[in-house]
Amino acid sequence: MRLVIMGPPGAGKGTQAQVVAVELGVPHISTGDIFRANVDRGTPLGEEAQRYMSAGEYVPDSITNAMVRDRLSQEDCTPGFLLDGYPRTLEQVNELDMMLLADEHRIDRVIELTVDTDAVVARLLKRAEEQGRSDDTAEVIRRRLEVYFDQTAPLTAVYTQRGLLVRVDGMGAVPDVTGRILAAVTA
Ligand code: ADP
């Protein structure tokens, strides 16, 4: 099973992806998590990524694509994977296609978590208080949402055209949303 989960910042992608990946027995690959781990370790990749993340901008495609290519080439991804936060640009969609094509693989399904914007802003501000993620300030949140709707929301059209997109209501209790995603994936 090769899956992608999309949705605006604060939609609960990370929370859901973690649980769904365990259920499906595939690795959960979150580009945001990988970037943050690199920031914490102070690696050159982390230093570079941090400049963009702290402003709510996307890390350049060249950097992100190389990182994902490396991760997907690892052995645990052979049976499948759940990509969370990638692809986010058309260039990333094309690059991912090429990474998979090399092994005659393709994406099986794309889940789009839908939420209302007021709710996501409230969630992100709450998370800021609890976890202190440096890109969860009101101003950066606004920019992240803008970038999402500008650059990433259009990708749903691409995956709809390929017949891969499934929209899942991301509002409500966490286990309810998980149930909806699993139903959508196995349908
Ligand atoms: P969120 O979905 O809430 O923005 P993530 O943890 O998925 O949170 O991403 C945090 C940040 O990491 C993004 O704002 C961006 O700077 C960077 N990032 C993550 N994935 C990508 C990607 N595919 N392309 C470019 N930048 C990315």
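Two residues are in contact when heavy atoms of theirs lie within 4.5 Å. The model described here is a predicted one.

**Phe-35 and its surroundings**

Phe-35 is part of helix H2, which covers residues 31-41. Beyond the neighbours within four places in sequence, Phe-35 is in contact with Leu-45, Ala-49, Met-53, Val-59, Ile-63, Thr-64 and Met-67. Its relative accessible area is 6%, and because buried means under 20%, Phe-35 is buried. Cys-77 is 42 residues from Phe-35 along the chain, and the C-alpha atoms of the two are separated by 19 Å.

**Accessibility of selected residues**

| Residue | Relative accessibility | Class |
|---|---|---|
| Phe-35 | 6% | buried |
| Arg-144 | 11% | buried |
| Tyr-148 | 3% | buried |
| Phe-149 | 44% | partly exposed |
| Arg-106 | 63% | exposed |

**Two arginines**

Arg-144 belongs to helix H7, residues 138-152. Its side chain makes a polar contact of 2.8 Å with the side chain of Asp-136. When residues up to four places away in sequence are not counted, Arg-144 touches Pro-9, Gly-56, Leu-124, Arg-127, Arg-133, Asp-135 and Asp-136.

Arg-106 is located in the loop between H5 and strand S4 (109-114). With neighbours within four places in sequence left aside, Arg-106 is in contact with Arg-2 and Leu-100. Gly-163 lies 57 residues from Arg-106 in sequence, with a C-alpha to C-alpha distance of 13 Å.

In soluble globular proteins, nonpolar side chains tend to be buried together. The largest nonpolar core in this model has 22 residues, of which Leu-72, Phe-81, Leu-83, Leu-96, Ile-107 and Val-110 touch the most other members. Two or more residues of this core come from each of strand S1 (2-6), helix H4 (61-72), strand S3 (81-84), helix H5 (90-101), H7 and helix H8 (155-161). The element that gives the most to this core is H5, with four residues. Apart from this core lies another, of 21 residues, including Ile-5, Val-20, Leu-113 and Ala-184.

**Helix H6**

Helix H6 has 15 residues, 117-131, and at 1.5 Å a residue it should span 21 Å; the end C-alpha atoms are 21 Å apart, which agrees. The buried residues of H6 are Ala-119, Val-120 and Leu-124. They cover an arc of only 130 degrees around the axis, so they are on the same side of H6. An α-helix has 3.6 residues a turn, so residues three or four places apart point the same way. Asp-118, Lys-126 and Glu-129 are exposed on the other side of H6. H7 is included in what covers the buried residues of H6. After H6 comes Gly-132, with a positive phi near 65 degrees.

**An aromatic pair**

A pair of aromatic rings is described by the distance of the centres and the angle of the planes. The count of aromatic pairs in this model comes to one. The ring centres of Tyr-148 and Phe-149 are 5.3 Å apart and the planes lie at 90 degrees; because planes over 60 degrees apart count as edge-to-face, the pair is edge-to-face. Within this pair, Tyr-148 is buried, whereas Phe-149 is partly exposed.

How values were computed. Residues are numbered from 1 along each chain as its sequence is written. This is a predicted model: local features need pLDDT of at least 70, side-chain atom pairs count only at pLDDT 80 or more; totals for chains, interfaces and linings use all residues. Side-chain values use heavy atoms; hydrogens and water are left out. Buried means under 20% relative accessible area, exposed over 50%, partly exposed in between (1.4 Å probe, protein chains only). A polar contact is a pair of N or O atoms within 3.5 Å; within protein, one must be able to donate a hydrogen and the other to accept it, and residues adjacent in sequence count only if both atoms are side-chain atoms. A nonpolar core is a set of buried Ala, Val, Leu, Ile, Met, Phe, Trp, Tyr and Cys residues joined through side-chain atoms within 4.5 Å. The expected span of a helix is 1.5 Å times one less than its number of residues. The arc is that of the directions from the helix axis to the C-beta atoms. Rings of Phe, Tyr and Trp (its six-membered ring) pair if their centres lie within 6.5 Å; planes under 30 degrees apart count as stacked, over 60 as edge-to-face and the rest as tilted.
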